[in-house]
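Student: I have a new model open on my screen and would like to talk it through. Could we go over it together?

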Amino acid sequence: MSTARSVRASSPMNGRQDWETRRKRKTADISQALSADPVDVATLRRMAISEGGLLTDEIRCQVWPRLLNIPPHLLDQEPEKVERDNNKDYNQVLLDVQRSLRRFPPGMPDEQREGLQEELIDIILRVLQRNPQLHYYQGYHDIVVTFLLVVGERLATVLVEKLSTHHLRDFMDPTMDNTKHILNYLMPIIERVNPEVHDFMQQAEVGTVFALSWLITWFGHVLSDFRHVVRLYDFFLACHPLMPIYFAAVIVLHREEEVLDCECDMAMVHHLLSQIPQDLPYETLISRAGDLFVQFPPSELAREAAAHESMATSTFKDFELASTQQRPDAVLRRRRRQKPAPPESSTANPVMTVAQPSTARRFVRLAVMGLTVALGAAALAVVNTALEWAPKLDLFP
């Protein structure tokens with residue numbers, strides 16, 4: 001009898017019922033947080049990070065603006081007409097948008113898709129015209145189209161503008177220097193978790209260019225299932241702007257066996273890593289990325305990231321080529337890297353040298369023991385860390 005009860009308890013039907021129960025409870029929690037006065041943004045962040053994210057596009061239309069601290073009066077403003085003539089970015093934006101057919105739902109009528117592509121061009125040019133300090137980059141349209149498909153042109157314009165002046169700001173400089181610096185956090189994260197994978201990648205001299213398109217498009221360019229893309233956007237919008245590089249690290253770490261089984265050759269390893277599997281366990285990886293952020297916050301990795309500067313792609317031309325091809329080529333093969341000399345004061349990298357908030361420290365212990373698979377405590381810690389960081393850029397309320 002007990003065996004029968006156990007079988008029934010673990011059946012797919014019961015699993016679906018459990019998920020539906022959790023889904024209804026989560027929807028109610030989100031509604032309650034939105035109805036609070038003031039809006040309970042901390043709860044909305046936890047909902048965006050935890051299993052399933054924000055569940056529906058209808059909910060995202062309400063919550064994404066809150067996660068980005070958009071003033072309510074801006075949400076109802078009709079976007080101004082865009083001037084395309086003599087616009088310095090128009091030709092490149094047009095080319096990129098014309099190549100973005102796969103980002104639209106399969107089976108969408110051509111007329112509807114073409115209308116959305118026109119709106120996509122307008123959103124991009126509008127944000128750039130309002131903010132002349134921003135510079136367009138190839139891949140930006142992959143982020144903008146995600147917002148367009150979820151929330152529509154009017155709201156997407158507001159969200160993308162805020163995102164471009166905050167989370168994406170480093171990618172929109174005249175040079176790729178800040179983007180390269182962000183990529184430099186990748187290897188220190190991998191080294192802390194799995195030194196064997198780190199050393200193998202260093203020996204192969206693969207660098208970090210394989211993750212460039214992941215980072216600058218928030219994975220929108222490389223994931224074929226739109227559901228996975230918006231799930232990641234829920235996560236990234238609720239967290240620190242560097243969270244995408246932590247997620248990139250957990251993808252590499254998840255593929256440990258594939259990496260170590262690969263021939264230790266730059267071109268071979270680059271090709272392997274640049275092809276993201278489409279069947280990744282996204283919820284598990286999101287949980288792990290949150291754990292790693294708590295264990296190894298950016299403040300702790302900053303010095304090591306700077307030390308990796310000479311290990312990254314050294315020129316803008318290499319990055320530009322990689323961003324369009326994302327595969328081994330003659331330029332990448334010829335790239336020579338100068339390895340930094342070891343610090344004179346120490347032969348080992350310090351671990352956990354930066355003091356963490358007491359709440360985060362408790363959750364680090366849980367993460368180390370592997371008890372945060374469901375992203376409970378780690379999600380809360382990531383939210384708290386983001387809120388502590390937020391005042392620097394006025395990102396969060």
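What follows is a set of questions and answers about this predicted model.

Student: Let's begin with confidence. What is the mean pLDDT of the protein?
Tutor: Happy to start there, since this is a predicted model. Of the residues, 74% reach a pLDDT of 70 or more. The mean for the protein is 80.

Student: Which stretch with pLDDT under 50 has 109 contacts beyond four places in sequence?
Tutor: There are two stretches to look at. Over residues 1-9 pLDDT stays under 50, and the model has 2 contacts beyond four places in sequence there. The stretch with 109 such contacts, also with pLDDT under 50, is residues 310-381.

Student: How many helices does the secondary structure come to?
Tutor: The number of strands is 0. Buried residues make up 52% of the 397 residues. As for helices, the secondary structure comes to 23.

Student: Which residues have the most contacts inside the largest nonpolar core?
Tutor: That core has 111 residues. Helix 15 (residues 243-254) gives the largest share of this core, 10 residues. One of the residues asked about touches W214, V229, L232, F236 and I251, among others, and that residue is F219. The two with the most contacts inside the core are F219 and F247.

Student: Is helix 17 mostly covered or mostly uncovered?
Tutor: Let's go through residues 266-274, which make up helix 17. The buried ones are M266, A267, V269, H270, L272, L273 and S274. With 7 of its 9 residues buried, helix 17 is mostly covered.

Student: Which residue caps the N-terminal end of helix 17?
Tutor: Look for a side-chain oxygen 3.1 Å from the backbone nitrogen of A267.

Student: K26 is buried yet has no salt bridge; which backbone oxygen does its side chain reach?
Tutor: K26 is found in helix 2 (residues 12-35). The nearest side chain of opposite charge is E283, 7.1 Å away, and the cut-off for a salt bridge is 4 Å. Beyond four places in sequence, K26 touches M47, S50, E51, G52, G53 and L55. At 2.7 Å, the side chain of K26 reaches the backbone oxygen of E51.

Student: How many residues apart in sequence are the parts that R60 and D234 tie together?
Tutor: The side chains of R60 and D234 meet in a salt bridge, 2.9 Å from N to O. R60 lies in helix 4 (residues 57-67) and D234 in helix 14 (residues 226-237), so the pair ties together parts of the chain whose separation in sequence is 174 residues.

Student: Which residue is linked with R60 and D234 in a network of salt bridges?
Tutor: Both R60 and D234 are buried. The count for the model comes to 19 salt bridges. The residue linked in a network with R60 and D234 is D57.

Student: Which residue forms a salt bridge with E118?
Tutor: The closest N and O atoms of this pair are 2.9 Å apart. E118 is in helix 7 (residues 110-130), and its partner, 34 residues apart from it, is in the loop between helix 5 and helix 6. That partner is R84.

Student: Why does D173 count as buried, while R169 is partly exposed?
Tutor: Their side chains meet in a salt bridge at 2.7 Å, N to O. The cut-off for buried is under 20% relative accessible area. R169 is partly exposed because its relative accessible area is 25%, whereas D173 is buried because its value is 19%.

Student: Is T208 buried or exposed?
Tutor: T208 lies in the loop between helix 12 (195-204) and helix 13 (212-216). Beyond four places in sequence, T208 touches L183, L186 and M187. Because its relative accessibility is 4%, T208 counts as buried.

Technical notes:
Residues are numbered from 1 along each chain as its sequence is written. Side-chain values use heavy atoms; hydrogens and water are left out. Buried means under 20% relative accessible area, exposed over 50%, partly exposed in between (1.4 Å probe, protein chains only). Helices (H or I, at least four residues) and strands (E, at least two) are DSSP runs, numbered from the N terminus. A polar contact is a pair of N or O atoms within 3.5 Å; within protein, one must be able to donate a hydrogen and the other to accept it, and residues adjacent in sequence count only if both atoms are side-chain atoms. Lys and Arg count as positive and Asp and Glu as negative; His and the chain ends are not counted. Contact means heavy atoms within 4.5 Å. A nonpolar core is a set of buried Ala, Val, Leu, Ile, Met, Phe, Trp, Tyr and Cys residues joined through side-chain atoms within 4.5 Å. pLDDT is the predictor's confidence in each residue, from 0 to 100.
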